[in-house]
Amino acid sequence: MTDPTRAVEDRAAAGFTTQYGGQAAGRWAAPGRVNLIGEHTDYNEGFVLPFALPLRTVVAADRQDAEQWTVWSELSGETITFGADDVAEAGRVTGWGAYVAGVVWALREAGHRVPGARLAIASDVPLGSGLSSSAALESAVLAALLDLGGLELPAELQPRLAQRAENVYVGAPTGIMDQSAVIRCCAGHALFLDCRDESVEQIPFDLDAAGLAVLVIDSRAPHRHADGEYAARRRSCEAGASALGVPALRDVGVDQLDTALAQLDDEETRRRVRHVVTEDQRVLDTVALLRAARVRDIGPLLTASHVSMRDDFEITVPEIDTAVEAALAAGALGARMTGGGFGGCVLALIEADRADEVTAAVEAAYAERGFTAPGTVTVLPSPGATRLP
Ligand code: GAF
């Protein structure tokens, strides 16, 4: 067991020494993320606006001569080893090791000579909370292997490679947002990403200057069929785009929405399409407000996004809706679920000095309904993946 009170980079370094002896050649960190707004728009080639969290996954690593990868994780306490055969084909390594093997596989598939390595992983990003612990793991491993092997892969191409590891090797049909956020976010900014061409703009998100804070509330809701439901939402969106004769729902503007909806026979598809089209517009409106430094004015857009996820995309659960309602009732300027849905986290935009009050209100609402107590933390937009000194 590692000591949870030690900093994550120290736990990774100490884990390396305990497992393998000696010092690691380096340490590489990648953060979790929250998405400020723009949910389920990435695979519809639309817009997202995530920012990186101060919670990070750290990999301490060095090269080994054999074409072999040995990986210890503090989370399971296990050490796994895989070799060239295991990364010759997708899916051979399973469990958490698949995210590591997937990165090796994706790098090799892209033609890189990946060095054998010994890795020790520690993380402050909670698993299964919708804060992109998997993208953080993939991206920290990717950063380590690129450096250890002296491999060249520009930052703008790294998210696709990490996403391939997850889509093809692990088998999760996720979009490009999470890996982009984890790799390309900058401190003090939200990342405005166009998921069609992957162009980005760093949007200043200065909470301190506005006297505001973002409270992240872990709903502690058990994930209910999240994987199957995610894939189902994706299929609905593709069906909607196909029925409308457009390459992706990104191509339907809000001004065309009524006409588009009138062309769709299926009521459920209409709701899914309405969410995506209006959500893309909410991202654009949020970006416009942030560019004008009107941070507090984005609150209603966040809440409208939540309502759309609840009623049209139908991806929220009672714990999540309770957290949003309680935060708003306690004075949050806006609140919404963040991430893929069916559990995970809520973010609330609050006055900086109201974190305790909002937390207490959410805890009280949870207690009244008999839900497991939520976790809360205030966060600032933090740096993306990097090598640590
Ligand atoms: C998950 C996925 F990984 C992302 O690609 C994105 O679709 C998100 O859900 C919903 O916005 O985090």
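This is a predicted model: local features need pLDDT of at least 70, side-chain atom pairs count only at pLDDT 80 or more; totals for chains, interfaces and linings use all residues.
**Ligand site**

Which part of Gly-175 lies 2.8 Å from a ligand oxygen, backbone or side chain? I found a backbone N or O atom of Gly-175 there. For Asp-178, I noted an N or O atom of the side chain at 2.8 Å from an oxygen of the ligand. Arg-33 also uses a side-chain N or O atom, with 3.1 Å to a ligand oxygen.

Then I looked up the ligand's area. Taken alone, the ligand exposes 300 Å². The protein buries 94% of that.

**Helices α7 and α9**

I moved on to helix α7, residues 226-244, and helix α9, residues 267-291. Their axes come within 9 Å. They cross at roughly 90 degrees. Angles of 65 to 115 degrees count as roughly perpendicular, so I logged α7 as roughly perpendicular to α9.

Which residues meet at this crossing? From α7, I listed Arg-233, Ser-236, Cys-237, Gly-240 and Leu-244. From α9, I listed Glu-268, Thr-269, Arg-272, Val-273 and Val-276. I sorted the residues of this contact by type: four are nonpolar, three polar and three charged.

Conventions:
Residues are numbered from 1 along each chain as its sequence is written. Side-chain values use heavy atoms; hydrogens and water are left out. Axes are lines fitted to C-alpha atoms, for helices over the stretch in contact, and angles run from 0 to 180 degrees between N-to-C directions. Helices (H or I, at least four residues) and strands (E, at least two) are DSSP runs, numbered from the N terminus. Angles under 35 degrees count as roughly parallel, over 145 as roughly antiparallel, 65 to 115 as roughly perpendicular and the rest as oblique. Contact means heavy atoms within 4.5 Å. Ala, Val, Leu, Ile, Met, Phe, Trp, Tyr, Cys and Pro count as nonpolar, Asp, Glu, Lys and Arg as charged, and the others, Gly among them, as polar. A polar contact is a pair of N or O atoms within 3.5 Å; within protein, one must be able to donate a hydrogen and the other to accept it, and residues adjacent in sequence count only if both atoms are side-chain atoms. Accessible areas come from the Shrake-Rupley method with a 1.4 Å probe; for residues, only the protein chains shown count as cover.
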